[in-house]
Amino acid sequence: MIRSGPSIPIPRTVPLLPLDDKVLLPGVVTRLQISRRDSIPLFEKILRTFDSKELSKCIIGVFPVRLPTPTPSPASTRALKDESSEPDGRNNNGTVKSKKNDYGEGEEAIVVGSSAGQVVPMRPGNGGQNVHPAINPAHIHTMGCAARLVRLERAVGGFTVVLEGVVRLRLNKITSQSPFFESDVTPMPDKAVDKTDQELQDQIVALRSTSKEFVSLLQTLKLPAPVLTQLQKFLENVGMIPGQVVDLLMSTIESTYDEKIMILDAVDLKERVPKAIELLTRQIHVLKISQKVHDNVEGKLNKKQREFYLRQQMAAIKEELGEKETGEEDEMTIIGNRLNAANLPADVQKAADRELKRLKKMQPASSEYSVIRNYLDWLGDLPWTKSSEDILDVERARKQLNDDHHGLEKVKRRILEYLAVTKLQQMKGDVKGPILCLVGPPGVGKTSLGRSIASAMGRKFHRISLGGVWDESEIRGHRRTYVGALPGLIIHGLKKCEVNNPVFLLDEIDKVGSRGHHGDPSAAFLEVLDPEQNNTFTDHYLNVPFDLSKILFIATANSVETIPAPLLDRMELITIPGYTYAEKLAIATNHLLPKQIRLHGLVEEDVKVTEQALLKVATGYTRESGVRQLEREVGALVRAKAVEYAEAQERKLSNVEVTSTTAEYHPLVTATDVEEILGQEKYVNEVTERNPTPGVVTGMAYNGVGGGILFIEVSQMPGKGQLQLTGSLGDVIKESAQIALSWVKSHGYEIGLTNSRGQNIMEKADVHIHMPSGGTPKDGPSAGIAMVCALVSMFTSQTVPATTAMTGEFTLRGLVMPVGGIKEKVIAAHRAGVRKIIMPLRNQKDVTSDVPVNVREDIEFVYASTIWEVLREAFEGRVAARAGVVTGGALDSRM
């Protein structure tokens, strides 16, 4: 430690010991395990040079290492309370226990400033000596501490040393790095306390007060009495040696490596004392909170024991007096009455009686008491036999469904069929609810349709969002052996609805997570959605069967691709395709516009939007299968009129005359106003804006959430007959391109591309086929005939009209095969401005049954069974065959 006079001379040049996880302060004694290769030679030399009795004359400069990216970890030592199995951190004999450090080495209590008589238990670190990377001299801190060697012993892999800090050192330069560091230093002792410095004297007073509070808190931790006594004596001299007091206290509190270095750098007492007071105050707050938590826990335990004892006494006294609680006052009676009122099935009643008997034998303080109590509460709250009465008026249900939704005839027809069957067999009571799955693009009204169905049937509605559900227990519940176990989403919904025949909407069932270490949630639905099995659905928490057969399950999905086949087999699929412009116009007029007017605080007389304006919004500002974006744009129109209406009302209240700049409010929104409010149109008819170009053909696509059109572009260049494909294409569509090119090459003479049958049209040319929107993956066989037409168009320099689109699979024999997604593709093509569509002959029935009448009236449909018919219609007779070609019938496609 630092004396009032320099009793220990500090040499100008001293050996340097770098530490990368510990800071040594003057007056502090610590033990280090030395195992670093650049430090071992130093202590080898000390053993050779000094006798064991002269070790105290050896002075070493101990400097912390500041790495470029230091890891935030506590580098301080604690003297507050050793972590041990005993409450006071001592052995049975009252001595402080030794503790294993992070490296498995024993640590003993070390005294601080033993030459001055003060003793504080310390926890020495390893000094960073267990980490062997070489020290960069540039990372050594400029401030350190001169240390006196107290003890030096050989150990496995190095040395064990005990050092006592003497005085701060400033590092001038490193004079040597091998075999160990040596440095030129300057001692930085504390200056004598100036009694006339009022600022310093005030800081010392604050330090004395904070230190006393800190020591008083240490007494509550039951540290050894001699340690506390010597610490109190040392603190009495804070007025004379405040710097030494600060260094000592900083070694006893919890502080970070950077905070220790901050204290080491503070040579001036006016800088060091305030920083120490701040850290001491923080440590005092931590100790107070820890003590408060400990007292609360201990108090709660004692309170529970006392309450249990008093309850037992009170129960015994009442039993002797014949005043045992009855009726509503008896908790067991309340639970029993609830279970009886629930009208449980026989097997469930048996399980409830067994658990109730166990509950009566338990003490309320038992942890299992609350588990059984919650279980019985769930059994009593579930609607085992309680049902809502269905409204079996088919005509009324039809009217409500038509009022709520435009179109969707398949779904409405299926619900009316269910109501009719239920009405005919209501006396038998054996009608099972169907399992419907509504599949369609986002925004077509799948979720709102579920609410409308529940309202039409007079049933309660509950929505379960399945997006992102990865745990099987979310569906089937957790077993009661787990802490905090609860039933699954199905049982939760039944409890909320309070009836056993609600309408459950399983939203986004295609987003359910796949099999993982938490189980397979989609497999859990195999029992829930099976009408032959769900009458005995067993939740893991309840562990008794519950009848789900009366529930009407309606699932929604954007695509069936991600739904497992066994689960898909249990549901009745109803496809909801995208809306046509006529349907969007009807929905906007009858539903979206009135809804937005109400939401914006207006009435229908305040805003009038013409049909032409709504149609312009649908065609020029939206390009979607559903109506969500359309609703946003309609809301923007209403908001604009709401601003005009509010300004008009303000002028009216202020009696402002209407001028040319403040026109009178007009509620009508016309097509001209739409562009002023919403800006320029975002979308134009993609095909009508294009000019016919050789090698460019319009195709039709279906992506699972709606249809669209795509352009196939073909160009040729000098080469060696190679084919290049770009546009993020899948394997199937690449094969279609290869088939198309092979057919064109083999029929070059018939088409008129070559002068002889054996001539190769690509002998000195390469062909590049590209599909724009490269960020969107594309796959499937339906672009086959479009690729053939694009290749023929490129080779013959003939164009296909931009308003002509086509779809169909193609074979090497020249046959046109049927494809899927016809309704979605046709609606998307109509939306894009297509006026003629060429498709397989066997898809004619899909157009007749699925495509709306108004769309069929606007588009000319051409059905082909061979590629020759496709070429004739696509090029309008401009590409003719040299020889007659026999056309074959269409074949079925399994794609």
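Contact here means heavy atoms within 4.5 Å. By that criterion, Gln349 touches Leu339, Asn340 and Leu344, not counting residues up to four places away in sequence. This is a predicted model, in which local features need pLDDT of at least 70 and side-chain atom pairs count only at pLDDT 80 or more, while totals for chains, interfaces and linings use all residues. Residues are numbered from 1 along each chain as its sequence is written, and side-chain values use heavy atoms, with hydrogens and water left out.

Stay with Gln349. It lies in helix H8. Helices (H or I, at least four residues) and strands (E, at least two) are DSSP runs, numbered from the N terminus. Gln349 is buried, at a relative accessible area of 19%. Buried means under 20% relative accessible area, exposed means over 50%, and partly exposed is in between, with a 1.4 Å probe and protein chains only.

Phi of Asn343 is near 55 degrees, a positive value in a residue other than glycine. Asn343 counts as partly exposed because its relative accessibility is 47%. Glu498 can be read in the same terms. Its phi is near 70 degrees, again positive and again in a residue other than glycine. The loop that holds Glu498 runs between helix H14 (489–497) and strand S11 (503–507). At 44% relative accessibility, Glu498 is partly exposed.

Now turn to the strands. S7 spans 158–176. Of its 19 residues, 14 are buried, so the strand is mostly covered. Two strands pair if DSSP finds at least two bridges between them. Strand S2 (residues 29–34) runs antiparallel to S7, with 6 bridges joining them. Thr30 has Leu163 of S7 as its bridge partner. Strand S6 (residues 143–155) also pairs with S7 in the antiparallel sense, over 12 bridges. Here Ala146 stands opposite Val167. S6 and S7 form a hairpin with 2 residues between them, and Gly157 in the turn has a positive phi of about 80 degrees.

S8 is another antiparallel partner of S7, joined to it by 6 bridges. Leu171 has Val185 of S8 as its bridge partner. These two strands form a hairpin with 5 residues between them. Pro179 lies in the loop between S7 and S8 (182–187). What kind of peptide bond joins Ser178 and Pro179? The bond is cis, with omega about 0 degrees.

Further along, Arg651 has its place in helix H19 (residues 628–654). Arg651 is buried, with a relative accessible area of 17%. From Arg651 to Glu664 is 13 residues in sequence and 9.6 Å in space, C-alpha to C-alpha.

The last stop is a helix pair. Two packed helices are described by the angle between their axes and the distance between the axes. Helix H21 (residues 731–746) and helix H23 (residues 784–796) pack at an angle of about 45 degrees, with axes 9 Å apart. Axes are lines fitted to C-alpha atoms, for helices over the stretch in contact, and angles run from 0 to 180 degrees between N-to-C directions. H21 and H23 are therefore oblique to each other. Angles under 35 degrees count as roughly parallel, over 145 as roughly antiparallel, 65 to 115 as roughly perpendicular and the rest as oblique. Residues making the contact include Ile733, Leu741 and Trp743 of H21 and Met787, Leu791 and Phe795 of H23.
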